[in-house]
Amino acid sequence: MIRVYNTLSKSKEPFEPVTPGKVGIYLCGPTVYKPSHIGHMVGPVIFDTIKRYLTYSGYDVTLVVNVTDVDDKLIAESSERKIPMAELAAEMTADYMNNLAALGVDAIDHFPRCTEHMDEIIRFTSTLIEEGFAYESSGDVYFEVGNVADYGKLSHQGAEALQGDGGGMAERKRAGADFALWKSAKPGEPAWDSPWGSGRPGWHIECSAMSRRLLGETFDIHGGGLDLVFPHHENEIAQSEACHGKPMAKYWMHNGLMQASSEIGKVGGRHTRAVEGDLATQEVGKISKSKGSSAFGEMLREFPGETIRFFLLSTQYRRPIDYSETRIREVDTGLETFYRFFKRYERVTGSSFYQIRPPATRDAGDFQPGDDAMLQTVAEHRARFLEAMDDDFNTAGGIGALFDLVRRLNKFIEDEKLEEPKKPDTTKLAALQQGTTTLCELAAALGLFRKPPQEMPAGAHELTGKLLDLLMEIRADARKAKDFATADRIRNALAELGVTLEDRPGGTEWSID
RNA sequence: GGCGCCGUAGCCAAGCGGCUAAGGCAGCGGAUUGCAAAUCCGUUAUUCGCCGGUUCGAAUCCGGCCGGCGCCUCCA
C-alpha cells in the first residue's frame with residue numbers, strides 16, 4: 001500500500017487512483033524566460049522518480065509538465081533582449097529540456113505549451129463567465145473569489161486572510177483577491193483574439209485548461225513546489241472546481257524548495273551561518289531569490305547529471321534542501337561506491353552491470369532467497385527499500401537500503417573469494433547475479449544507474465590510456481623486481497596528476513578523478 | 001500580524017508511539033596489501049533544541065520557550 005502526503009488534508013493518505021490501475025500526474029513546470037537554475041530541477045526529478053516508482057508498482061502512469069510560454073516576465077525579458085517572445089520561449093525551453101535530459105528525466109509524457117492551448121483557455125474562461133464565477137472588466141476577465149465558498153482550502157487560510165489590495169488592477173476588480181483569467185493587451189504586446197478583445201491568459205488558467213485536456217476534469221496527482229500552494233494552486237482549484245463541480249485532483253503534492261547555502265556557514269555549531277569574505281553577501285534563502293543562483297547548464301559542467309539527481313533524491317522530497325558544492329561532492333563520493341562495485345561485478349562475472357535487464361515491476365522482481373544467507377539479506381534490504389518508497393516516496397530511506405545492499409554484495413565477493421583467479425563457483429556466481437539484479441531493479445525505480453557514468457573527454461583519452469598502460473607495465477616490472485622505490489615514485493607522481501592506482505591480483509587498474 | 005515547515009552524532013540525513021535510533025560524508029582502530037588504493041569488520045548519539053505534560057512506554061502525541069526557514073498576488 002502506497003501512501004502519499006496530501007497538502008489538502010495535511011496528512012498521508014492511502015494512494016488509490018481515480019481510475020483503478022491508471023494514474024494521471026500534472027506537475028507545474030517552468031515559465032521559460034530565463035535559463036533554469038537547480039531549483040527548477042527539483043520537481044521534475046522528484047516526479048520523474050514518482051512516476052517510475054508507480055509504474056514499477058504496476059500503474060499505467062501519464063505525467064504532464066506544462067511549459068508557460070506567455071507571461072509578463074517573458075514579455076519584459078523579450079523586450080529587453082529585443083527578440084520576439086516566441087524566440088525567447090523556444091530558446092529557454094530548449095535549455096530546460098537539455099537540463100532534464102542530463103538528469104535522466106525522461107519519463108514525462110507531455111509538455112503542453114500555453115500558446116498551443118488558447119482555444120481551450122478561452123473556452124474555459126467563457127464557461128466561468130457563463131456560470132457566474134468570472135466577470136469582464138475593461139477587456140480583462142477576473143475570477144470572483146467571493147463566489148467560491150471553500151476558497152483557501154489548499155493553503156488552509158480563511159478568505160478574509162487572502163484579501164489583497166488588488167495590486168495595480170484594483171480599480172478593475174470587484175474584490176482585491178480576485179485574479180486575472182484574461183489580460184487585455186497593451187499596444188505591441190503579444191496577443192490573441194478572444195471574446196473580450198485581444199489579450200493573453202492570466203497566470204493560473206493555463207494549468208486548469210491544459211490539465212483538463214490531457215488528464216480530464218479530475219485527475220490523481222497535482223504537483224509543484226511548495227511556493228505554488230498560494231496563490232497558484234489555490235486559484236487553479238478554485239477555477240477548475242467552479243467550472244466542473246468536482247474535485248480537480250485527488251492528491252496535491254508539494255516538494256520542498258532548494259535553499260542557497262553559504263559554503264562555510266557551519267563552522268561554529270548548528271545553524272550559525274557565519275560568513276566571511278565574498279560569501280558574506282550570500283545569505284541562506286530561496287535559491288530563486290538568490291543572486292548567486294547560476295544557470296543549471298553551468299553546473300552540469302562541474303558535476304555529472306547523475307550526481308545531481310542522486311543529491312536531490314538523497315533527501316525526502318518535502319524537506320528543503322540546502323544547496324552547496326561541498327554537499328554535492330560528498331554525495332558524489334558516495335556514488336563512487338556503486339560505480340566501483342559495478343566494475344568489480346564486471347571483473348567477477350565478465351558481464352557488465354549495465355547489460356542487466358532487471359525486472360520491470362515489483363511483482364516480477366520478487367524472488368525466493370531459499371536458504372542462501374546472502375540472498376536472504378538481499379530480500380530484506382529489498383523489502384526495506386519498498387517499505388520506504390511506499391511511505392510517501394521516501395527516496396532517502398530507499399537509498400540507505402541501496403548502500404546496505406552494495407555492502408552485502410561486496411562482502412559476499414570477499415567471503416566467497418569470487419575475485420580470485422581460481423575457477424568460479426557457478427552457484428555463488430548465480431547468487432551474486434541475483435543480488436546485483438535486485439540492486440539494478442531498485443536503482444532503476446529511482447532512475448539511477450541506467451547507463452555508465454560519463455567518461456573523460458574522448459580526445460585525450462586514447463593517448464593518455466596508452467601512456468598509462470605503458471607506465472603500468474614498467475611499474476609491474478619494478479614491483480616484480482622488488483624495486484618499490486620506483487613503483488611508489490610512479491604511483492605518487494600519478495596521484496599528484498589526479499590518477500589513482502589500484503593494485504589487484506589481476507593487475508593494476510588506473511582511474512582519473 | 002495570518003498560515004505553515006523545520007531543529008536527530010563533527011557535517012548531511014532516515015525514522016514520526018514500543019525490536020539494539022537506518023544510511024552517507026568525515027575521523028579512528030583492525031583484516032587485507034611490499035606500502036598504498038579499493039573492499040570488508042569494528043568504532044564515533046544511553047540519546048533525538050530546551051522545559052513541562054499525556055502514556056505501562058515518546059525522538060515520535062500535547063502545551064510552553066529558544067533557534068532557523070517558507071508563503072501571504074504572478075517564484076519550481
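The model is predicted, so local features need pLDDT of at least 70 and side-chain atom pairs count only at pLDDT 80 or more, while totals for chains, interfaces and linings use all residues. Residues are numbered from 1 along each chain as its sequence is written, chains are lettered from A, and side-chain values use heavy atoms, with hydrogens and water left out.

In the contact (heavy atoms within 4.5 Å), domain 1 takes part with 17 residues and domain 2 with 24 residues.

Next, display the surface between domain 1 and domain 2. The buried area, that is, the accessible area (1.4 Å probe) lost by two parts on being put together, summed over both, is about 1800 Å² here, and carbon and sulfur atoms give 59% of it. Select Tyr 53, Tyr 56 and Thr 307: together they supply 43% of the area that domain 1 buries against domain 2, more than any other three residues.

Then select Arg 3 and Asp 391. These residues form a salt bridge, with their closest N and O atoms 3.6 Å apart; the term requires a side-chain nitrogen of Lys or Arg within 4 Å of a carboxyl oxygen of Asp or Glu. Across the interface of domain 1 and domain 2, 2 salt bridges are found.

Finally, highlight β1 (3-6), α1 (39-56) and α8 (305-313), the elements giving two or more residues to the side of domain 1 that touches domain 2. Helices (H or I, at least four residues) and strands (E, at least two) are DSSP runs, numbered from the N terminus. The largest share of that side, 6 residues, comes from α1.
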